[in-house]
Amino acid sequence: MITNHSDSHILVGVDGSAAAMNAVGWAAAEADRRAMPLVIANISDVVGFGDVPALTVAEGIGIFSRLDTEGRKALTAAKQHVVDHHPAVRVTTVQKSGGPVPEMVELSRNAFLTVVGASGVGGFGSMLLGSVAMALVTAGHSPVAVIRGDESHDGLVPRTGPVVLGVDTSASSEEAIAWAFDEASRRDSDLIAVHAWTAYVDVYARLYGVPPFDEIDAQVEAEEAAFAERLAGWREKYPDVTVTPLLRSGKPAKTLLEYADDAQLVVVGSRGHGDFTGVLFSSVSRSLIHKAPCPVLVARTKD
């Protein structure tokens with residue numbers, strides 16, 4: 001079960017872009033649901049200009065000053081958005097200069113959950129998706145939510161629909177299960193738990209042309225039993241959550257993306273390999289972060 005810590009907070013990064021404001025709105029709603037403080041951070045990427053020898057001292061100072069001004073405007077707008085839409089949330093702001101990746105990773109150290117947008121512009125957002133988001137997923141100190149919207153609906157972030165959970169056999173999957181049940185309960189939504197796996201018998205069939213049906217049946221039974229066992233205890237902890245377990249043979253990322261179409265949130269673990277992936281789990285996270293039509297929560301274990 002996910003336990004809120006009284007001395008912790010939710011952290012969200014902003015850069016003044018629409019995607020970042022979507023992240024602020026999502027993070028504020030999450031803070032409201034959990035009665036937690038919200039910290040809004042802006043990182044002025046002064047490091048990106050350090051290797052430009054053509055800049056004079058005056059030009060460098062001018063650029064840094066502009067980044068600082070734009071950062072303050074982004075923070076002011078983001079804080080006002082929270083005050084207007086979630087007045088019960090206690091909000092503070094942080095502005096730093098440096099490299100967006102190390103600064104956000106360090107800020108995540110004290111966060112209960114770190115939230116970032118899927119894209120953006122400016123000193124912070126220009127490298128948000130490619131570097132900051134994935135850096136937080138792989139090296140951050142808290143779970144990470146990357147806020148994606150549906151591109152077919154002007155980037156709107158879905159607020160309804162089920163929570164979709166990707167389940168594997170790694171330790172990080174247990175953390176993902178905890179987050180998914182907790183989020184579904186707090187949102188009063190259904191939970192779709194997906195266990196996708198690549199059967200070794202599929203490889204056998206491709207090599208020899210005839211699938212070993214008895215081995216297929218045995219493996220399916222084993223997967224079903226393991227899947228049911230993983231969910232059983234959590235169903236008891238969250239009797240209010242309606243769970244639909246789905247066992248699928250196929251590529252995990254592709255399978256999860258299919259169910260993400262109607263979801264308001266997808267939850268996966270941060271790493272691991274086993275029945276769910278067959279490869280490092282980060283590849284599934286990366287695919288979802290780039291393609292999902294809804295927010296993706298990567299359930300890293302809190303350091």
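Start by selecting Ser189, which sits in the loop between helix α6 (171–187) and strand β7. Helices (H or I, at least four residues) and strands (E, at least two) are DSSP runs, numbered from the N terminus. Ser189 counts as buried because its relative accessibility is 9%, where buried means under 20% relative accessible area (1.4 Å probe, protein chains only).

A quick word on what you're looking at: this is a predicted model, with local features needing pLDDT of at least 70, side-chain atom pairs counting only at pLDDT 80 or more, and totals for chains, interfaces and linings using all residues. Residues are numbered from 1 along each chain as its sequence is written, and side-chain values use heavy atoms, with hydrogens and water left out.

Now show what Ser189 touches: setting aside neighbours within four places in sequence, its contacts are Gly161, Pro162, Val163, Ala184, Val241 and Gln264. Contact here means heavy atoms within 4.5 Å.

Next, colour β7 (residues 191–197) and β8: they run parallel, joined by 7 bridges. Pick His195 and you'll find its bridge partner in β8, Leu247.

Zoom out to the open sheet of 10 strands, ordered β3-β2-β1-β4-β5-β10-β9-β6-β7-β8 with mixed pairing; two strands pair if DSSP finds at least two bridges between them. At the edges are β3 (91–97) and β8 (243–249), each pairing on one side only.

Last stop: helix α3 (residues 100–107), which lies across β1, β2, β3 and β4 and runs at about 160 degrees to β2. Axes are lines fitted to C-alpha atoms, for helices over the stretch in contact, and angles run from 0 to 180 degrees between N-to-C directions.

Key
Buried means under 20% relative accessible area, exposed over 50%, partly exposed in between (1.4 Å probe, protein chains only).
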